[in-house]
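Work through the exercises below with the sequence and the structure side by side. Try each task before reading its solution.

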Amino acid sequence: MVDNLQRYGVITCRKVGEVMEAIDRALFVPGGLQPYVDSPVPIGYNATISAPHMHATCLQLLEKNLQPGMRALDVGSGTGYLTACFALMVGPQGRAIGVEHIPELVSFSIKNIQNSAAAQPLKDGSLSVHVGDGRQGWPEFAPYDAIHVGAAAPEIPQPLIDQLKPGGRMVIPVGNISQDLKVVDKNPDGSISIRTETSVRYVPLTSREAQLRVVESKLLTIVWIV
């Protein structure tokens, strides 16, 4: 998987390649599904784990803000894959925080991380995953050098901008039907610069209740059809 991403120029940073090789994606994909195919994979609860090329793209965009000792926030952390990658990049003196509003996915991600190369950061507390509304960030460990958002917001949540450190960077998909991956840089004076990296397609960043309502409506539709 990593070799292919390097071959096609998606991964150009040595550190990103090393971390994606160290964190085995197979440990973070539900059983029976293809972990190394370059496509998103459903993980239940109307959520997905992003395609490997998107994880690589986000890691590269954030690489300078994921140096040893820095702090990173992963919003919509899902199965924990990218949070684990963050933990290896920032090292034991840094901190990687995952926030996910589905408690079952938080439990699943912790088990996945415990079996991965990021088990030690989880054990020593430099990596942690929390149940919460990621749109509100995680103020306890703010400000963050890097923030990644794994679902598309209709607009950039202000709490995430507020929790970004001057000199920090956030990568977030923005939009409804039409979505763009936005790179948000907080300048040293606190002002914000935003640019578009590429067009993307993510599940929506929404409330836990709204996300579960979609799941329930799908189940009701299946029952009705049967």
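**Exercise 1. In which loop is the place of P157? Describe its surroundings.**

Before starting, note that this is a predicted model: local features need pLDDT of at least 70, side-chain atom pairs count only at pLDDT 80 or more, and totals for chains, interfaces and linings use all residues. Residues are numbered from 1 along each chain as its sequence is written, and side-chain values use heavy atoms, with hydrogens and water left out.

Step 1. P157 sits in the loop between β6 (144-149) and α7 (158-162). Helices (H or I, at least four residues) and strands (E, at least two) are DSSP runs, numbered from the N terminus.

Step 2. Check the burial of P157. Its relative accessible area is 13%, so P157 is buried. Buried means under 20% relative accessible area, exposed over 50%, and partly exposed in between (1.4 Å probe, protein chains only).

Step 3. List the contacts (heavy atoms within 4.5 Å). Leaving aside neighbours within four places in sequence, P157 touches R135, I172 and L205.

Step 4. Take one distance. The C-alpha atoms of P157 and H130 are separated by 19 Å, and the two residues are 27 apart along the chain.

**Exercise 2. Describe how helix α3 packs with helix α4.**

Step 1. Two packed helices are described by the angle between their axes and the distance between the axes. Axes are lines fitted to C-alpha atoms, for helices over the stretch in contact, and angles run from 0 to 180 degrees between N-to-C directions.

Step 2. Apply this to α3 (residues 52-62) and α4 (residues 81-90): the angle is about 35°, and the axes are 11 Å apart.

Step 3. Find the residues that meet. From α3 come H55, L59 and L62; from α4 come Y81, L82, C85, F86 and M89.

Step 4. Sort this contact by class: seven residues are nonpolar, one is polar and none is charged. Here Ala, Val, Leu, Ile, Met, Phe, Trp, Tyr, Cys and Pro count as nonpolar, Asp, Glu, Lys and Arg as charged, and the others, Gly among them, as polar.

Step 5. Look at the cover of α3. Nine of its 11 residues are buried, including P52, M54 and L61.

**Exercise 3. Which residues have the most contacts inside the largest nonpolar core?**

Step 1. A nonpolar core is a set of buried Ala, Val, Leu, Ile, Met, Phe, Trp, Tyr and Cys residues joined through side-chain atoms within 4.5 Å.

Step 2. The largest core has 46 residues, and M20, I23, L59, L66, F86, I113 and L127 have the most contacts inside it. Helix α4 gives the largest share, eight residues.

Step 3. A second, separate core has 20 residues, among them I97, Y144, I147 and A153.

**Exercise 4. How many salt bridges does the rule give? Examine three of them.**

Step 1. The rule asks for a side-chain nitrogen of Lys or Arg within 4 Å of a carboxyl oxygen of Asp or Glu. The count is five.

Step 2. R14 pairs with E18; their closest N and O atoms are 2.6 Å apart. Both lie in helix α2 (residues 14-22), four residues apart, about one turn of the helix. R14 is exposed at 60%, whereas E18 is partly exposed at 36%.

Step 3. D185 pairs with R169 at 2.7 Å between the closest N and O atoms. D185 lies in strand β8 (residues 179-186) and R169 in strand β7 (residues 164-175), so the pair ties together parts 16 residues apart in sequence. R169 is buried, at 18% relative accessibility.

Step 4. R195 pairs with E197, the closest N and O atoms being 2.6 Å apart. R195 is partly exposed at 35%, and E197 is partly exposed at 33%.
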